[in-house]
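Please take a moment to look over the sequence and the three-dimensional model below.

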Amino acid sequence: MQIEAAGLDDAALVPFAELDSVSDGGPAASAGALVGDRLLRFGTLTSANHDELRALGRLTQRAGASSDSILLLVARGAGADRVELVLRPRRWTGQGLLGCHLKPL
């Protein structure tokens with residue numbers, strides 16, 4: 001199963017967090033996430049409803065417990081290209097379920 005963001009207008013999305021580290025071998029790296037990617041959408045979460053990033057933690061925990069994937073939309077690079085990633089939170093040899101660190105924007 002995949003947690004998606006049905007009905008969201010991607011053109012209106014603005015970045016709300018940035019990946020400032022991505023661990024080799026972690027779920028985020030496996031999904032293709034890169035340091036500097038800026039989150040536009042994390043499943044159903046956007047700049048309007050992320051609850052100071054706390055909602056990302058709750059969604060990550062639920063997805064990890066049920067082996068669901070989360071569909072991400074990130075802005076990448078100086079041209080802010082939009083890239084969709086499929087992230088599957090899981091236990092791995094490193095810390096956390098994502099293998100990355102996010103800083104709020």
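S2 and S6 pair in the antiparallel sense over five bridges, where two strands count as paired if DSSP finds at least two bridges between them. Within this pairing, Leu19 has Leu102 of S6 as its bridge partner. Strand S2, residues 17–22, is also joined to strand S3, residues 38–42, by two bridges, and these two strands run antiparallel; here Ala17 stands opposite Leu39 in S3. In a regular strand, side chains alternate between the two faces of the sheet.

This is a predicted model, in which local features need pLDDT of at least 70 and side-chain atom pairs count only at pLDDT 80 or more, while totals for chains, interfaces and linings use all residues. Residues are numbered from 1 along each chain as its sequence is written, and side-chain values use heavy atoms, with hydrogens and water left out.

Seen as a whole, the protein has two helices and six strands, and along the sequence they follow the pattern β-β-α-β-α-β-β-β; helices (H or I, at least four residues) and strands (E, at least two) are DSSP runs, numbered from the N terminus. Of its 105 residues, 43% count as buried, a word that stands for under 20% relative accessible area, whereas exposed stands for over 50% and partly exposed for what lies in between, with a 1.4 Å probe and protein chains only. Among the contacts with a separation of 6 or more, 65% are between residues 24 or more positions apart, a contact being heavy atoms within 4.5 Å.

Where is empty space left? Rolling a probe the size of a water molecule over the atoms shows this. On a 1 Å grid over the protein atoms alone, a cavity is a set of points where a 1.4 Å probe fits but cannot get out, a pocket is an open set with protein on both sides within 12 Å along at least five of seven lines, and lining residues have an atom within 4 Å of a point. Grid points are joined across faces, edges and corners, and a volume is the space filled by probe spheres set on the points.

The search of the whole structure finds one cavity of 30 Å³ or more, and the largest cavity holds about 70 Å³ of space. Its lining has 13 residues, of which Leu19, Ala33, Leu72, Leu87 and Cys100 lie nearest its centre, and the lining divides into 13 nonpolar, no polar and no charged residues. Nonpolar here covers Ala, Val, Leu, Ile, Met, Phe, Trp, Tyr, Cys and Pro, charged covers Asp, Glu, Lys and Arg, and the others, Gly among them, are polar.

The largest pocket holds about 160 Å³ of space, and its lining includes Leu56, Thr60, Cys100 and Leu102. Helix H2 (54–66) and strand S6 (100–104) each supply at least two of the lining residues, with the largest share, four residues, coming from H2.

In the loop between S3 and H2 lies Glu52, with a positive phi near 55 degrees, and Glu52 is exposed at 64% relative accessible area. Leu53 lies in the loop between S3 and H2 and has a positive phi of about 75 degrees, but Leu53 is buried at 17%.
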